[in-house]
Amino acid sequence: MTGPRLDTLWLKAYVGLALAFVFAPIAVALVFSFNSSRFPTLPLQSFTLEWYEDVASNPELISAFGRSALVALLVAALSTAIGFATAYTDYRFSFRGKGFFVALALLPPTIPSVIMGLAMLAWLSRLAISGTIAAIVVAHTVICIPFATAIIRLRLSEMDAGLELAAWNLGASPWTAVRTLVLPFARRSLLAAMALTAAVSFDEYAVAWFVSGLQKTVPVVVLEILTGNVDPRINAIGAIVFVTSMSLVIAAQILIGRSSQKSGTAE
Amino acid sequence: MASDARRRAAIFAVAWRAPLLIWQGSFFIGALGFLTVMSFWLVKNYRMEPAFVFQNWERILARPFFWDAFWRTLGLASLGTLVISVLAFPAAYTIGLVLSPRAQRLAIFLLVIPFFTSYLVRAYAWQIILADRGILNFLLSWLGIPAVSMLNTPAATLVGYATLTLPLVVVLQALSISSIDRRLIEAAYNLGCTRLRAISMAIVPLARSGLIIAAVFAFILCYGDFVAPYYLGGSLPPTLSILIVDTAKSGQQWPRSAVVAITMIGVLMAVSFVAMRLVYGRRR
């Protein structure tokens, strides 16, 4: 059914081409971050670490990186906690209005980030927290809860539903059962959710741009550099952002892969 | 005692439900609700004042400027969705049916990474590639082909859209293609179908709902994106998302931006509704 050999070869080459298209810009940013010319044109000039040194010695950029990291950590913790509660509710209970509940849990990513940014800016100004780090954390958590919920929910669906019932019958309170049974079972997915939501937050530029005010995160700085003049530091900043978020996404994927393989052997 | 146990069970259930309802109720529903309310408010002396007037709606909807942007955005996003869905299909087909399970997992693993990795910086890198004195033109001149102006064109916007959505569309298409019952595809080949005929007569119809869902996600992302039309497409004439950014960022005209935003949400809801009808309506 795989058809003629030659066909298959072409198809595989096509997949390679698609991957090349997807990874080309990442490679370009990495290469030019080490290029000594101020302008991003070929041919390449000599190798340099100048732009990285510039980034590392710029107080404004350092504080932006610190802020982004802090926001990502808080968002990861909050959205994973709320995501677990939501995933567990969907796994354990059925109740009236559950359709609405699940829709509320998964809807936010379908709202374009520009609209989310505008709505958050207006609403958080009303609540008098716009322009603070708290505003970015609040907005990013709204965006990240669905990702955390989905990852944890997938893992919970691999859990034998009878396990918890058995614990209850043996006299464990439902709280104890969650603490000693469900949480350890979902541990890898919780870590995966934290890694992925941290990556999403660390990369998010649109909503942060609207609500951050003077508390700029790294992507907001990138956005402002893009709107201004040619600035060769942007490739170095971009490379650091790539490496950070790629590591987080890879970690999340490995954690998810591992946890489903593990349950596969257990069955 | 029985009622005591029931109360404790109810508390247990509600406690797990509460975090989402409180957080998304306060900040997600709250923000979107206020966006709607705000579209009826007035701006006086650079400050918003509560009101219930249709002035913002009338102002925006009466402008040819708005409708130009409306149709342009719809056209660009539809074209992007179509082109990206078609370009993604051979890759998704290969990943879903031709590759070994191991290679399949690796391909999906690789495609998920960029989807969550700084779209903004990737769009900037495309500026370097597509610029008049950029990488692509350098390679062309090396081949003896005169330089082509690529940046600030609708084509460059599409490149940006593809950067944003191609990985996701390939993954979603591949997942739905790989979950087709293989025996049905075998049957098509046994009945003498060529590969192309098996694709058009068996695989596309069988994977239809997955292909439509992938297209809906592509449309939602392209339609709302402001990075590709702004930094690659040249920002002029603007799309609706650029209109929102410009109106909101230049002063306090948030109510008018809100009108544009709500119109966009309306279009997205209509498109999703039609798509869901296509997925679930004619199946059975």
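## Terms and model

Helices (H or I, at least four residues) and strands (E, at least two) are DSSP runs, numbered from the N terminus. This is a predicted model, in which local features need pLDDT of at least 70, side-chain atom pairs count only at pLDDT 80 or more, and totals for chains, interfaces and linings use all residues. Residues are numbered from 1 along each chain as its sequence is written, while chains are lettered from A and ligands numbered from 1 in the order in which they are written.

## Contact between the chains

Chain A contributes 68 residues to the contact and chain B contributes 66; two residues are in contact if their C-beta atoms, placed from the backbone, lie within 7 Å. On the chain B side, helix α1 (residues 2-38) gives the most, with 16 residues.

A:Trp123 is found in helix α5 of chain A. Leaving out residues up to four places away in sequence, A:Trp123 touches B:Gly30, B:Ala31 and B:Phe34.

## Positive phi in two loops

A:Ala128 is not a glycine, yet has a positive phi of about 60°. A:Ala128 sits in the loop between α5 (113-126) and α6 (133-156) of chain A, and is exposed, with 9 other C-beta atoms within 10 Å.

B:Asn152, not a glycine either, has a positive phi of about 60°. The loop between α6 (135-142) and α7 (154-178) of chain B holds B:Asn152, which is partly exposed with 18 C-beta neighbours inside 10 Å.

Notes:
Buried ≥ 20, exposed ≤ 12 C-beta atoms within 10 Å, placed from the backbone.
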